[in-house]
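Me: Please take a close look at a single site here and tie it to the fold around it. Which surroundings does it have, and how is the rest arranged?

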Amino acid sequence: MDEPQVFLYESHGLEDTARLARALAELAVPGTVWALDGDLGAGKTAFSQAAARALGVTDTVNSPTFTIIKEYEGTEFPFYHMDVYRLSSEEAGELGLDEYFYGGGLTVVEWASLIGEWMPEDHLAVYIENKGPDDRLFRLTPRGLPYTDWCRRLKENGLLI
């Protein structure tokens, strides 16, 4: 199997980060899964918050570090926000994650690489690298046809490199 293509996005502040989150959220459909990883403090939660706002979530979205999973109602479909940093692979297997991954909303998993074996085969992997006080480099690796099409379309539109 060929290695998936990696697409890049440079952010120079929260508005840039929100711009990418909004563009991806506009493409989301029920059953969409994003796997977020990256440096501590790189902006995974800020990215998730912007995606939630783009879906019409009006509640305050904060890191689900200690609750693991938070559910929010969007205008079109739900937003599921997970932080699996403190979760073992065994515990992940007991949570019924498939109900979220193959359910009716957008699922965003922070620290997804820690539960890689439980992630669905098709998802959008997003790695956020901290490049300075306000600068971030996003590496988007689509896994599966819909996500590959999204990234190619966003590259054609000039958003991704």
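Reply: A residue is called buried under 20% relative accessible area, exposed over 50% and partly exposed in between (1.4 Å probe, protein chains only). The model is predicted, with local features requiring pLDDT of at least 70 and side-chain atom pairs pLDDT 80 or more, while totals for chains, interfaces and linings use all residues. Residues are numbered from 1 along each chain as its sequence is written, and side-chain values use heavy atoms, without hydrogens or water.

Glu 129 sits in strand S6; strands (E, at least two residues) and helices (H or I, at least four) are DSSP runs numbered from the N terminus. Beyond four places in sequence, Glu 129 touches Asp 39, Asp 135, Arg 136, Leu 137 and Arg 139, a contact being heavy atoms within 4.5 Å. The side chain of Glu 129 also makes a polar contact of 3.3 Å with the side chain of Lys 131. Such a contact is a pair of N or O atoms within 3.5 Å; within protein, one must be able to donate a hydrogen and the other to accept it, and residues adjacent in sequence count only if both atoms are side-chain atoms. Glu 10 is 119 residues from Glu 129 along the chain, yet their C-alpha atoms are separated by 9.8 Å.

S6 belongs to an open sheet of seven strands, ordered S1-S7-S6-S2-S5-S4-S3 with mixed pairing (a pair needs at least two DSSP bridges). S1 (7-11) and S3 (69-72) are the edge strands; each has a single partner, so one side of each lacks a neighbour in the sheet. From one strand to the next the twist averages 20°, with axes fitted to C-alpha atoms (for helices over the stretch in contact) and angles running from 0 to 180 degrees between N-to-C directions. Elsewhere in the sheet, S4 (residues 79-83) and S5 (residues 106-110) run parallel and are joined by five bridges. Asp 83 stands opposite Glu 110 in S5.

H1 (residues 14-27) lies across S1, S2 (33-38), S6 (123-130) and S7 (136-143), at about 140° to S1. H5 (residues 145-156) packs on the sheet and touches S1, S2, S6 and S7, its direction making about 135° with that of S7.

H2 (residues 44-54) also reaches S6: its buried residues pack against H1, S2, S4, S5, S6 and S7. They are Lys 44, Thr 45, Phe 47, Ser 48, Ala 50, Ala 51 and Ala 52. Gly 56, with a positive phi near 90°, follows H2.

As a whole, the protein has five helices and seven strands, running β-α-β-α-β-β-α-α-β-β-β-α from the N terminus. Buried residues make up 50% of its 161 residues. Of the contacts with a separation of 6 or more, 61% join residues 24 or more positions apart.
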